[in-house]
Amino acid sequence: MPTAKEVKALSELTARFDLPLGLRAPAAARTLVRDMLMAWDLPDIGWLDDADLLVSEIVSNAVCHGGGCIELSVQSHEQGVTIKAADGSSVVPRRRAAGENGGFGLQIIEAISEGWGVEEFQGGKRVWVRLRPCPSVAAF
């Protein structure tokens, strides 16, 4: 029988990936995160689609407005799943008028996530987004 410490350790999973800046980064990030979440037995397709969209938003923002490489991390913990994208720019994302040239990112993030925020990270920033609970897990 596992100890309480062992059970807690098993319930907190983390994966970290380094992505180069570039147009392929969002697609690579979506693939990596989806594969990791499925490996962690979080297979709900609709929920994974929301995760894909959130990953695309934070990684695309890092590509367009960040600097250096992107560090992407995924954590599954008691509070749910959190995805983080860090880049070398200290400029914090801000809401802007939505239009032909974008501006929908934060609206999308707020509509389909449980929450988001920004923290300082190694001279740059790290944007985090917490996914809503996975329906297939909540059913158990």
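Is Gln-122 buried or exposed? Gln-122 counts as exposed, at 72% relative accessibility. The model examined here is a predicted one. Gln-122 sits in the loop between β4 (113-121) and β5. Its backbone has a positive phi of about 45 degrees, although Gln-122 is not a glycine. Asp-41 lies in the loop between α2 and α3. The relative accessible area of Asp-41 is 58%, so this residue is exposed.

Helix α2 covers residues 25-39, and helix α3 covers residues 45-65. They pack at an angle of about 145 degrees. Their axes are 8 Å apart. The crossing of α2 and α3 is right-handed. On the α2 side, the contact is made by Ala-25, Pro-26, Ala-29, Arg-30, Val-33, Arg-34, Leu-37 and Met-38. On the α3 side, the residues include Ile-45, Trp-47, Leu-48, Val-55, Val-59 and Val-63. Asp-49 and Asp-52 of α3 are also among them. By type, the residues of this contact divide into 13 nonpolar, two polar and four charged.

Gly-68 is partly exposed, with a relative accessible area of 48%. Between Gly-68 and Pro-133 there are 32 Å in space, C-alpha to C-alpha, and 65 residues in sequence.

Gln-75 belongs to strand β2. It counts as partly exposed, at 23% relative accessibility. Leaving aside neighbours within four places in sequence, Gln-75 is in contact with Leu-13, Thr-14, Trp-40, Gly-80, Val-81, Thr-82 and Lys-84. With Lys-84 there is also a polar contact, which joins the two side chains at 3.5 Å. Ala-85 is 10 residues from Gln-75 along the chain, and their C-alpha atoms are separated by 12 Å.

What does the side chain of Lys-125 make a polar contact with? One partner is the side chain of Asp-87, at 2.9 Å. The side chain of Lys-125 also reaches the backbone oxygen of Val-91, at 3.1 Å. The residues that Lys-125 touches, not counting those up to four places away in sequence, include Ala-85, Ala-86, Ser-89, Val-92, Val-118 and Glu-119. Pro-93 is one of the residues in contact with Lys-125.

Pro-93 lies in the loop between β3 (80-87) and α4 (105-112). With a relative accessible area of 19%, Pro-93 is buried; the cut-off for buried is under 20%. Besides Lys-125, Pro-93 touches Asn-61, Leu-106, Val-118 and Val-127, not counting residues up to four places away in sequence. Arg-24 is 69 residues from Pro-93 in sequence and 21 Å from it in space, C-alpha to C-alpha.

Trp-116 is found in strand β4. Trp-116 is partly exposed, with a relative accessible area of 25%. The residues it touches are Leu-106, Ile-109, Glu-110, Val-127, Trp-128 and Val-129, not counting those up to four places away in sequence. The side chains of Trp-116 and Glu-110 are joined by a polar contact of 3.2 Å. Val-127 is 11 residues from Trp-116 in sequence, yet the C-alpha atoms of the two are 7.3 Å apart in space.

Cysteines were examined last. A disulfide is a covalent bond between the sulfur atoms of two cysteines. How many disulfides does a search of the whole structure find? The search finds zero. A disulfide would need the two sulfur atoms within 2.5 Å. Cys-64 is exposed, with a relative accessible area of 60%. Cys-134, in contrast, is buried, with a relative accessible area of 5%.

Conventions: Residues numbered from 1 in each chain as written. Predicted model: local features only at pLDDT ≥ 70, side-chain atom pairs only at ≥ 80, totals over all residues. Heavy atoms only, no water. Axes fitted to C-alpha atoms, helices over the stretch in contact; angles between N-to-C directions. Helix = DSSP H or I, 4+ residues; strand = E, 2+ residues; numbered from the N terminus. Left-handed = near helix turned anticlockwise from the far one by under 90°. Contact = heavy atoms within 4.5 Å. Nonpolar A, V, L, I, M, F, W, Y, C, P; charged D, E, K, R; others polar. Buried < 20%, exposed > 50% of the residue type's maximum accessible area, 1.4 Å probe, protein only. Polar contact = N/O pair within 3.5 Å; in protein donor to acceptor, adjacent residues only side chain to side chain.
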